[in-house]
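Please look through the structure shown below.

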Amino acid sequence: MSDGRTISGATGGAADGDVGATGAAGSGATGGAADGEPLFDLPGELAIDTDVARQAIAAFIRGQLKQAGFERAVLGLSGGIDSALVAYLVAEAIGAEGLLCVMMPYRTSSPASRGDAEAVIADLGCAAELVEITGMVDGYFGRDGVAGEGGPAALEAAPLRRGNFMARMRMAVLYDRSVSWRGLVVGTGNKTESLIGYTTLFGDAACAFNPIGDLYKSQVRQLAAAIGVPEAIIRKAPSADLWPGQTDETEAGFSYPELDRLLFWRIDKRRSTEELVAKGFTPELVERVDRMIAGSEFKRQVPPIAKLGPRTAGVDYLYPRRRPGSAARS
Amino acid sequence: MQPLRIALAQIAPRLGDLEVNLARHHELLAEARDAGAGLVVFPELGLTGYLLSDLASEVAMRLDDPRLAQLAAATRGLSAVVSFVEESADHRLFIAAVLLEDGELRYVHRKIHLPTYGMFDERRFFAPGDMIRAAPSRLGVGVGLAVCEDFWHLSTPQLLALDGAQILVNVSSSPGRDLAMSNEVGLGTATSWRTLMRAYAQLTTSFVVFCNRVGVDESLSFWGGSEVIGPTGALVFGAPMFEEGLFTVDVDLADVRRERITLPLLRDERPELVAREWRRLIAERAGLAADGSAEPGAAAGFDVAVDR
């Protein structure tokens with residue numbers, strides 16, 4: 001990836017999320033392959049067997065739905081690669097007829113993303129809906145100097161605050177459509193953004209289950225290419241689309257392939273800082289990413305409940321989410 | 001000798017739903033019988049599902065449970081290995097695999113190694129078994145039962161084979177993980193298991209029968225890939241990964257004799273030497289004997305010397 005790549009952006013929200021934890025854009029690292037020739041840059045140690053991944057993920061999606069007593073699924077389709085990939089994976093697992101894709105643009109969202117989302121819908125032949133969130137968001141923050149329900153101060157809200165609110169409005173829409181469509185909300189966040197906290201708590205991170213949450217962005221690209229996600233979606237720079245021209249990588253100051261490699265060696269392969277530096281990562285980058293991981297630990301866990309009674313959910317009352325009697329009755 | 005037809009019931013148990021899983025076992029036992037199978041193997045916790053947590057006590061069965069007797073009754077003229085949560089009279093819970101034959105419960109193996117690390121939390125909910133024995137069988141050879149993690153310890157297959165097992169049966173609920181392309185068949189778990197089982201079959205010159213479940217419990221997707229490996233260590237049959245089904249394969253038990261004559265590894269084992277060395281290690285770990293490999297100056301039972 002190079003910083004000079006064409007920016008088209010995604011509608012963010014349910015799919016690509018927004019910035020929950022950014023530091024000052026420190027220099028960090030240089031990008032990987034720069035010439036734009038390959039469809040994506042895939043570090044060798046991250047390469048997965050995409051056939052096995054598709055088998056495992058299809059079984060996972062079918063299993064999650066079956067145990068919950070559902071036959072359908074709903075997701076927010078942004079036009080970005082993550083939600084596009086999940087749409088293809090769900091269609092492969094249960095058939096496109098069981099999938100509802102909801103496009104939820106805000107008035108400033110990139111029109112190109114809308115076009116990319118529509119290309120996915122047309123290719124899959126799944127159900128689709130367009131729900132503009134502009135009224136919901138502007139109704140709170142206000143618009144053109146006129147205060148909304150959030151009061152006059154909300155008119156001055158920073159992009160990050162607005163972006164988080166947008167992600168939560170999209171979540172609210174998806175959970176409502178979950179009822180009308182009678183389908184479970186499928187998560188579309190990847191492992192990279194989850195580990196560095198580039199997600200909105202109870203926003204894009206909210207879902208019934210997530211089939212790609214253990215795949216790094218580079219692996220998402222590899223799987224997307226294998227399953228037939230349109231090339232334009234794979235090629236474009238990932239973006240939360242909170243403001244025109246924003247991209248994940250320019251904002252964070254490092255490329256996904258490099259970040260993915262660092263996370264893989266740090267988290268999955270338990271390498272120490274010294275060992276990572278010996279692999280060529282700068283100490284500054286390692287330290288910065290460590291801070292992002294630690295600082296977002298709370299986003300990856302359910303909130304703690306004060307332990308007061310004899311048996312407490314998540315502490316010493318430990319049941320599987322799905323068990324006899326838990327499935328929805330049709 | 002007539003070939004033995006082995007049926008691998010690579011099923012996706014419903015988590016916590018004993019009745020549904022019992023019905024599925026009856027169905028597949030009948031199907032395997034119709035297919036001419038002599039040995040039918042179901043996966044670890046096939047009657048209950050794997051990730052039970054607090055459900056474990058709610059689906060537990062005592063060995064005198066009538067539902068188990070009904071399942072045994074369905075094995076006339078057959079051998080079957082089934083697995084469930086067993087509750088002892090003193091109310092410990094075990095992950096059990098039992099050999100059912102000719103209408104009776106013939107042998108009970110309680111899982112001896114309970115993984116409690118990484119993604120596993122078995123010791124929190126279960127008690128470990130204390131016996132490794134080969135079970136006599138209507139098949140005319142000893143059968144060695146083991147459950148999943150039991151096979152991640154070298155002593156298990158060795159003890160079973162030395163005790164007379166010629167068919168080592170491992171029933172598993174192995175969650176698939178590590179999708180790296182560098183792995184054989186694209187799945188780290190499958191690569192590790194295949195390596196282990198081939199080695200065990202070769203080293204014990206026995207058949208290894210591996211039945212792993214499919215389906216999903218919570219985050220975990222079980223990968224299937226059940227196998228039968230011959231006493232030379234060569235694959236006889238491999239079921240597909242992630243696919244539910246009843247898979248049958250014929251084996252010639254005379255292969256065991258041929259291999260053991262050719263390669264008398266078991267004959268040449270030295271159990272008395274192994275036992276002696278184990279006793280020494282146990283005494284050293286307990287601080288009851290001097291530890292020759294400890295750092296000089298280390299206190300008894302510790303392998304590190306503390307400088308003061």
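Two residues are in contact if their C-beta atoms, placed from the backbone, lie within 7 Å. In chain A, among contacts between residues at least 6 apart in sequence, 79% join residues at least 24 apart. This is a predicted model, in which local features need pLDDT of at least 70 and side-chain atom pairs count only at pLDDT 80 or more, while totals for chains, interfaces and linings use all residues. Residues are numbered from 1 along each chain as its sequence is written, and chains are lettered from A and ligands numbered from 1 in the order in which they are written.

Chain A holds 12 helices and four strands; here helices (H or I, at least four residues) and strands (E, at least two) are DSSP runs, numbered from the N terminus. Of the 330 residues in chain A, 49% are buried, a term for residues with 20 or more other C-beta atoms within 10 Å of their own, C-beta atoms being placed from the backbone.

Chain B is divided into domain 1 (4-257) and domain 2 (270-308), with bounds from an automatic or database domain assignment. The C-alpha centres of these two domains of chain B lie 36 Å apart.

One open sheet of chain B has six strands in the order β5-β4-β3-β2-β1-β14, with mixed pairing; two strands pair if DSSP finds at least two bridges between them. Its edge strands, each pairing on one side only, are β5 (104-110) and β14 (245-251) of chain B. From one strand to the next the twist averages 25°, angles running from 0 to 180 degrees between N-to-C directions of axes fitted to C-alpha atoms, for helices over the stretch in contact. Strand β4 (residues 93-101) of chain B pairs with β5(B) in the antiparallel sense over six bridges, and Val98(B) has Val108(B) in β5(B) as its bridge partner. Helix α1 (residues 18-34) of chain B packs on this sheet and touches β1, β2, β3 and β14 of chain B.

A second open sheet of chain B, also mixed, runs β6-β7-β8-β9-β12-β13. There β8 (residues 165-172) and β9 (residues 207-212) of chain B pair in the parallel sense over six bridges.

Key. Buried ≥ 20, exposed ≤ 12 C-beta atoms within 10 Å, placed from the backbone.
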